[in-house]
Amino acid sequence: MWTPDAQTAVPAAPHLIAAASGQFLGVDWGAFAVVFVISFVAAVVIVVFYALGLRLLAAGSPDDTGSEGHVTSAARGERPVAATFGGYLCLAIGAAAVLYGLYLIIPQFH
């Protein structure tokens with residue numbers, strides 16, 4: 001019967017050794033936490049840009065409810081050019097972030 005010696009033995013893969021050396025369920029929890037934090041921050045940033053874009057595009061809109069909840073005016077004020085540009089820019093940044101995320105997820109785009 002053949003038994004491997006030190007020169008012919010195949011070393012175990014490093015990730016298998018790490019998984020067997022005390023990691024719970026064989027998961028690298030540090031890397032998992034990094035992915036979670038980055039994903040959470042990216043989602044918050046996308047939502048903030050979307051909300052800010054909508055808010056800037058709503059500049060000049062009347063506050064159309066009075067204290068009793070009735071419509072007081074349907075008149076619309078002028079929206080500043082900077083608010084229009086900023087609103088569309090924020091929406092474009094949010095859309096670009098979503099498209100970049102799809103690019104990273106879908107392997108056919110690489």
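Helices α2 and α3 run roughly antiparallel to each other in this predicted model, because their axes cross at roughly 155° and angles over 145° count as roughly antiparallel. Helix α2 covers residues 29-57 and helix α3 covers residues 81-105, and their axes come within 7 Å. The crossing of the two is left-handed.

Who makes the contact? On the α2 side you will find I46, F49, Y50, L52, G53, L56 and L57. Helix α3 answers with A83, T84, G86, G87, Y88, C90, L91, I93, G94, A97 and V98. No charged residues take part in this contact.

Now for the largest pocket, which has a volume of about 210 Å³. Its lining is made up of I38, S39, A42, I46, A97, V98, G101, L102, L104 and I105. Both α2 and α3 give two or more residues to this lining, and the largest share, 6 residues, comes from α3. I46, A97 and V98 belong to the pocket lining and also to the contact of α2 with α3.

| Site | Nonpolar | Polar | Charged |
|---|---|---|---|
| Contact of α2 with α3 | 13 residues | 5 residues | no residues |
| Lining of the largest pocket | 8 residues | 2 residues | no residues |

Note on methods
Residues are numbered from 1 along each chain as its sequence is written. This is a predicted model: local features need pLDDT of at least 70, side-chain atom pairs count only at pLDDT 80 or more; totals for chains, interfaces and linings use all residues. Side-chain values use heavy atoms; hydrogens and water are left out. Axes are lines fitted to C-alpha atoms, for helices over the stretch in contact, and angles run from 0 to 180 degrees between N-to-C directions. Helices (H or I, at least four residues) and strands (E, at least two) are DSSP runs, numbered from the N terminus. Angles under 35 degrees count as roughly parallel, over 145 as roughly antiparallel, 65 to 115 as roughly perpendicular and the rest as oblique. A crossing is left-handed if the near helix is turned anticlockwise from the far one by less than a right angle, and right-handed if clockwise. Contact means heavy atoms within 4.5 Å. Ala, Val, Leu, Ile, Met, Phe, Trp, Tyr, Cys and Pro count as nonpolar, Asp, Glu, Lys and Arg as charged, and the others, Gly among them, as polar. On a 1 Å grid over the protein atoms alone, a cavity is a set of points where a 1.4 Å probe fits but cannot get out, and a pocket is an open set with protein on both sides within 12 Å along at least five of seven lines; lining residues have an atom within 4 Å of a point. Grid points are joined across faces, edges and corners, and a volume is the space filled by probe spheres set on the points.
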